Amino acid sequence: MSGIRTVSPAELQEWGIELKYDAEKVMKDVSDPKMTGEEFVTYLEQNVFKKYWDEHYSWGYTWVMKDDVGAITSWLRLGAWLEWRFASTLGEALGKYAEYIDPEFYSLFAKQLAEEAWHWHIRYKALVHYGGNMDGFNPNIIPEWLDLFIGVLDVAKQDLNHFQIRFVSGINVVEWFSEPHHQGVVDACNKLGKYTVLRDVFEEIKEDERFHYSLASKTWAKHCDTPEKRRIAADIALNWAIPLFLLGRKKRHVLALQKKI
Ligand SMILES: [Fe+2]
Ligand SMILES: [Fe+2]
């Protein structure tokens with residue numbers, strides 16, 4: 001994918017990130033002409049996503065268990081910004097590329113857009129509650145988030161006939177990872193018996209993220225009815241989005257604990 005940022009194996013190694021899947025094997029498996037769209041969803045969830053549950057739960061749990069308000073506000077600054085960025089990206093996708101989106105999904109994407117804007121609102125309120133603000137925030141501190149949340153439109157429009165498959169495989173896919181992470185945060189707040197505002201915000205967002213991921217799984221189930229379409233989805237998710245996301249989240253974890261965001 002020329003012109004689009006992809007993560008190198010050396011970068012993953014430098015940050016201690018392990019890809020828990022064999023992308024080539026996945027590509028081969030999903031090329032089975034008898035596989036249905038629903039089976040493709042089940043395959044990805046069982047053979048790829050679920051392998052990350054414990055790691056992402058643990059990331060969410062450990063940063064809160066540090067019991068460090070500065071680390072929490074550092075995390076929330078980027079979080080608040082990302083919510084608004086995602087809402088903007090969804091708006092651009094719906095505004096400019098609606099003819100390449102299945103109309104049955106219009107209201108689902110619109111609902112997601114409204115929820116991402118709401119998430120901005122409640123994350124920002126939590127940030128202020130814990131004494132933080134957005135002063136001097138620079139989104140370039142972790143460029144992988146820009147590469148992902150803005151770059152997804154470049155990835156999707158490279159092949160307009162498959163715009164929706166490419167879009168959800170490049171962005172909604174990573175929302176699967178939010179549920180374990182947010183659950184880790186909620187459980188850590190409960191364990192510490194504090195940060196109830198943070199806990200309630202993360203509990204609410206966790207429920208919405210499950211729905212946002214479902215826009216990917218619903219798209220795959222309905223539209224990934226050929227080996228070619230399944231390969232497009234798997235290639236973008238496994239070779240582009242997930243490595244970029246894992247690198248961004250790992251950096252965020254490290255930098256938030258250092259209060260550098
Ligand atoms: Fe969100
Ligand atoms: Fe979301």
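Where does Lys 259 lie? I started my notebook with this residue, keeping in mind that I am reading a predicted model.

**Entry 1**

I found Lys 259 in the segment after helix 12. Its phi is near 60°, a positive value in a residue other than glycine. I noted this down because most residues other than glycine have a negative phi.

Asp 67 went on the page next. Asp 67 is not a glycine either, yet it has a positive phi of about 55°. I located Asp 67 in the loop between helix 4 and helix 5, the latter covering residues 69-97. Is Asp 67 buried or exposed? I counted Asp 67 as exposed, because 11 other C-beta atoms lie within 10 Å and the cut-off for exposed is 12 or fewer.

**Entry 2: helix 10 by itself**

Helix 10 runs over residues 178-192. I checked its length against what a helix should give. With 15 residues at 1.5 Å a residue, helix 10 should span 21 Å, and its end C-alpha atoms are 21 Å apart, so the two agree.

Which residues of helix 10 are buried? I listed Ser 178, Glu 179, Pro 180, His 181, His 182, Gly 184, Val 185, Val 186, Ala 188 and Cys 189. The buried residues of helix 10 pack against helix 4 (53-65) and helix 11. Just after helix 10, I saw that Gly 193 takes a positive phi of about 70°.

**Entry 3: helix 10 against helix 11**

I followed the chain on to helix 11, residues 196-223. The axes of helix 10 and helix 11 come within 9 Å and cross at roughly 160°. An angle over 145 degrees counts as roughly antiparallel, so helix 10 is roughly antiparallel to helix 11. The crossing of helix 10 past helix 11 is left-handed.

Who meets whom here? From helix 10 I wrote down Ser 178, Glu 179, His 182, Gln 183, Val 185, Val 186, Cys 189 and Asn 190. From helix 11, their partners are Thr 196, Leu 198, Arg 199, Phe 202, Glu 203, Ile 205, Lys 206, Glu 209 and Arg 210. I sorted the residues of this contact between helix 10 and helix 11 into six nonpolar, five polar and six charged.

**Entry 4: helix 9 against helix 12**

For another pair I took helix 9 (residues 163-170) and helix 12 (residues 227-257). Their axes come within 8 Å and cross at roughly 30°. Since angles under 35 degrees count as roughly parallel, helix 9 is roughly parallel to helix 12. I noted this crossing of helix 9 and helix 12 as right-handed.

On the helix 9 side, Ile 165, Arg 166, Ser 169 and Gly 170 make the contact. On the helix 12 side I found Lys 229, Ile 232, Ala 233, Ile 236, Ala 237, Trp 240 and Ala 241. The contact of helix 9 with helix 12 divides into seven nonpolar residues, two polar and two charged.

**Entry 5: Thr 219**

My last stop was Thr 219, which is found in helix 11. Thr 219 is buried, because 25 other C-beta atoms lie within 10 Å and 20 or more is the cut-off.

Which residues touch Thr 219, leaving aside its neighbours within four places in sequence? I found Phe 105, Gln 164, Ile 165 and Val 168 in contact with Thr 219. Ile 165 was already in my notes, from the contact of helix 9 with helix 12. I also looked up Ala 237: its C-alpha atom and that of Thr 219 are separated by 13 Å, with the two residues 18 residues apart along the chain.

Methods: Residues are numbered from 1 along each chain as its sequence is written. Chains are lettered from A and ligands numbered from 1 in the order in which they are written. This is a predicted model: local features need pLDDT of at least 70, side-chain atom pairs count only at pLDDT 80 or more; totals for chains, interfaces and linings use all residues. Axes are lines fitted to C-alpha atoms, for helices over the stretch in contact, and angles run from 0 to 180 degrees between N-to-C directions. Helices (H or I, at least four residues) and strands (E, at least two) are DSSP runs, numbered from the N terminus. Angles under 35 degrees count as roughly parallel, over 145 as roughly antiparallel, 65 to 115 as roughly perpendicular and the rest as oblique. A crossing is left-handed if the near helix is turned anticlockwise from the far one by less than a right angle, and right-handed if clockwise. Two residues are in contact if their C-beta atoms, placed from the backbone, lie within 7 Å. Ala, Val, Leu, Ile, Met, Phe, Trp, Tyr, Cys and Pro count as nonpolar, Asp, Glu, Lys and Arg as charged, and the others, Gly among them, as polar. The expected span of a helix is 1.5 Å times one less than its number of residues.
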